[in-house]
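Please read the following report alongside the sequence and the coordinates.

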Amino acid sequence: MNIATKDKFDSIIYASDLVSRDLSWLKFNERVFDQSKKESRSIFEKLKFLAITASNLDEFFMIRVGSLYNYLDYDKERVDYSGLREEPFKVKLMLECQAFHKKQQEHFQKNLLPNMADSGFILSNVKNLKEDEQEYIRSYFNKAIYPMLTPMVYDGYRTFPILMNKLLVFGVVTLAPGEKKENRKLSFVQIPANIPRFFEVEREDVVIYIPIEEVIRENLISLFRNVNIESVNLFRITRNGDFTLEESEDMDANFLEEVKRKLNERKTGRVVRIEIEEGYSKWMINLLKERWNIQDDSIFKVERRSMLDFTGLWQVIGNRRFKDRLPQMPSPVHPLSYPEEGTEDIFQVLKNRDILLHHPYNNIDPILDLIEKAADDHNVMAIKMTIYRLASDSRITKALLRAAENGKHVSVLFEVKARFDEENNIREAKKLQKAGCFVIYGISNLKTHTKLMLIVKKDENKVTRYVHLGSGNYNEDTARLYTDIGLLTTNEILANDVSEFFNVITGHSMPDTYESLITAPRDMRNQLISFIEQESENAKKGLPSGIFIKVNSLEDSEIIYALYRASQAGVPIKLIIRGICCLRPGRPGLSENIEVFSIVGDYLEHSRIYHFHNNGETRTYAGSADMMVRSFDKRLESLFKVDAPLLEKQLMNIIAFNLRDNVNSYKMLEDGTYIRKMPQADEEEFNIHKEFFHLNVDDVMQVKLIG
């Protein structure tokens with residue numbers, strides 16, 4: 001593409017009042033990549049963040065680029081927020097992806113590879129090993145790898161083999177002795193997913209990592225005897241993994257079969273990206289381009305001295321030998337509203353007050369404690385909950401199974417459309433179903449993303465409902481890595497709302513209203529817009545106003561334009577958006593009063609908090625919903641109101657700390673780019689991923705966001 005065309009694209013993009021969702025996501029991945037470049041981090045942390053960016057990019061190509069190809073391949077019209085139609089937008093998107101890919105590769109080669117030896121490990125090839133080590137690898141190849149490899153030839157007699165998504169593949173061009181060049185053949189050798197990414201050679205002072213492709217490359221001749229190998233080409237493909245489940249009224253076995261069928265389609269989805277080592281056969285790449293209908297801008301070249309697929313670096317990061325080289329996170333502290341955690345009966349505590357949990361600073365144990373006690377308590381009559389993602393060895397599932405075995409009514413909605421967790425959720429749901437639990441496999445064409453739990457317990461002559469509402473999954477593993485909010489309560493208003501919402505989820509109920517819940521897809525967008533408009537009215541009347549929101553993503557145009565109108569009315573608006581943000585802050589005449597920040601650091605920011613000043617009669621909500629079209633229209637979501645003074649102040653303090661952070665914070669500019677927020681000359685570092693471990697009640701109760 002020439003410079004004039006690029007400038008034209010950029011001018012169209014900048015003229016739009018909205019930022020492209022996909023281009024904004026790429027900026028988010030750049031902020032993650034920035035963590036890999038921070039001098040304060042060890043090389044193991046730098047490798048970790050590089051691996052995360054690679055994994056993120058894989059999913060981006062599978063889902064977002066895959067979705068774009070759904071429009072391109074079927075001639076469906078799509079106009080991006082940038083103002084570009086589908087074909088020019090694809091050109092712009094691939095330019096950005098290629099530029100990011102180049103940055104990853106340069107960083108790995110210039111800043112990481114040269115510093116590995118000083119940290120006790122190196123990446124090498126087989127030829128650099130000692131003779132006895134080479135012999136050991138040859139033996140390993142012959143016994144463990146060779147039997148697993150299957151060369152698949154493609155010629156006029158055999159069909160083109162199905163190459164699997166995200167696996168390393170050798171494309172081997174061969175020619176029989178005496179044959180002419182036009183009779184050459186192309187064979188594929190896939191490296192199985194269950195072989196470790198690196199062969200490890202441990203010496204006393206260093207660990208040598210040999211990429212598995214180098215082990216195979218050294219011995220590839222054993223798969224192609226008595227033919228001439230013209231070229232050996234290592235590559236990796238990414239397939240379209242985007243699918244939308246058809247609306248179905250049948251939520252039982254037929255629905256599960258539909259999910260399984262769609263999962264299989266991921267294995268054969270159209271190719272959207274090829275990553276390939278430089279020096280590849282042009283004959284082979286032309287054949288692949290024609291076969292998969294892919295252009296040069298979707299081919300990503302990697303130098304031989306670098307490596308394909310940085311997600312493999314997790315093997316290095318996870319080596320026990322280097323365990324102490326990764327920063328150890330502090331132990332969780334007791335919640336401010338539950339200082340006696342672990343010493344008092346949680347059922348009794350919740351009768352007297354609500355508990356707010358802020359993970360990972362607070363443990364997930366109070367939630368697990370509650371459900372495990374409920375499973376064994378003979379006075380508990382019922383447990384209901386929604387499940388989106390579970391830990392690999394989930395205490396939640398075990399407690400629910402035990403509850404069912406103990407004769408309690410257990411209702412569980414397992415969202416089998418949770419992307420990339422579908423198979424695990426189906427497997428866990430079937431366990432519960434066999435134990436006698438009432439299991440729902442999702443709601444029609446909606447994805448159930450809300451995080452709710454309801455426990456019904458008979459106490460003397462009274463029935464008490466214990467409720468948990470949260471922003472994060474019931475997952476012990478991610479609760480140590482994601483920042484999330486959870487509310488434990490016996491508040492009757494919230495308990496009624498949650499009971500009603502479960503009737504919507506499991507039955508056919510349509511309540512008129514909720515008192516303390518805002519739900520989607522029914523009325524969340526409109527309710528939030530009404531709160532925004534109230535701030536606008538207050539500002540016009542000269543009354544105090546302010547909007548403070550912390551979410552993962554902001555993409556819904558109706559919400560964005562409501563925020564623009566509020567800004568024009570004089571409302572101060574501060575948004576903390578970790579990932580995608582399609583709003584342009586600071587544009588004259590449109591959004592001068594809006595500031596946008598993104599926090600990216602040691603923990604993944606996942607909590608959602610909505611705070612509206614409302615002339616001093618504050619409204620503060622938390623929950624599972626981002627400001628996305630899918631959240632408002634295609635998901636069952638909920639936001640819950642927090643009224644208890646200490647708990648509301650805690651949520652306000654989370655926002656205040658996020659706005660003070662000068663270590664993990666990035667400020668968004670009008671053009672959609674971000675600059676890192678740094679401590680000023682008279683400031684000390686303020687890192688929220690450390691500060692939240694040191695809260696006290698008195699300081700939290702003093703927090704103010706306005707005035």
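## Basis and burial

A residue is called buried when its relative accessible area is under 20%, exposed when that area is over 50%, and partly exposed in between, with a 1.4 Å probe and protein chains only. The model is predicted, so that local features need a pLDDT of at least 70 and side-chain atom pairs count only at pLDDT 80 or more, while totals for chains, interfaces and linings use all residues. Residues are numbered from 1 along each chain as its sequence is written, and side-chain values use heavy atoms, with hydrogens and water left out.

Q105 is found in helix α4, where helices (H or I, at least four residues) and strands (E, at least two) are DSSP runs numbered from the N terminus. With a relative accessible area of 7%, Q105 is buried. If neighbours within four places in sequence are left aside, Q105 is in contact with V302, S306, M307 and F310, contact meaning heavy atoms within 4.5 Å.

## Packing of α2 and α4

Two packed helices are described by the angle between their axes and the distance between the axes. For helix α2 (residues 21-35) and helix α4 (residues 86-112), the axes come within 11 Å and cross at roughly 5 degrees, which makes α2 roughly parallel to α4. Axes here are lines fitted to C-alpha atoms, for helices over the stretch in contact, and angles run from 0 to 180 degrees between N-to-C directions; angles under 35 degrees count as roughly parallel, over 145 as roughly antiparallel, 65 to 115 as roughly perpendicular and the rest as oblique.

On the α2 side the contact involves D22, L23, L26, N29, E30 and F33, which meet F89, K92, L93, E96, C97, F100, K103, Q104 and H107 in α4. By class, this contact of α2 with α4 has seven nonpolar, three polar and five charged residues, where Ala, Val, Leu, Ile, Met, Phe, Trp, Tyr, Cys and Pro count as nonpolar, Asp, Glu, Lys and Arg as charged, and the others, Gly among them, as polar.

## Sheets and the helices across them

An open sheet of three strands has the order β1-β6-β5 with mixed pairing, two strands being paired if DSSP finds at least two bridges between them. Its edge strands, each pairing on one side only, are β1 (121-123) and β5 (198-202), and the twist averages 20 degrees from one strand to the next. Strand β1 runs parallel to strand β6 (residues 207-211), to which three bridges join it, and L123 stands opposite Y209 in β6.

Another open sheet has six strands in the order β2-β4-β3-β7-β8-β9, again with mixed pairing; its edge strands are β2 (152-154) and β9 (299-302), and neighbouring strands are turned by 30 degrees against each other on average, direction ignored. Three bridges join β2 to strand β4 (residues 185-190) in an antiparallel arrangement, with Y154 opposite L186. Helix α3 lies across β7 (228-239), β8 (271-277) and β9, at about 140 degrees to β8, whereas helix α8 (residues 282-292) lies across β2, β3 (168-175), β4, β7, β8 and β9, at about 170 degrees to β8.

## Aromatic pairs

A search of the whole structure finds 28 aromatic pairs, a pair being rings of Phe, Tyr and Trp (its six-membered ring) with centres within 6.5 Å; planes under 30 degrees apart count as stacked, over 60 as edge-to-face and the rest as tilted. F44 and F121 form a tilted pair, at 5.3 Å centre to centre and 40 degrees between the planes. Because F44 lies in helix α3 (residues 43-73) and F121 in strand β1, the pair ties together parts that are 77 residues apart in sequence. Both F44 and F121 are buried.

The rings of Y561 and Y564 have their centres 5.4 Å apart and their planes at 85 degrees, so this pair is edge-to-face. Both tyrosines lie in helix α16 (residues 557-568), three residues apart, about one turn of the helix. Y561 is partly exposed at a relative accessible area of 33%, whereas Y564 counts as buried at 1%. Helix α16 also holds E558, which is partly exposed with a relative accessible area of 43% and, neighbours within four places in sequence left aside, is in contact with R525 and I529.
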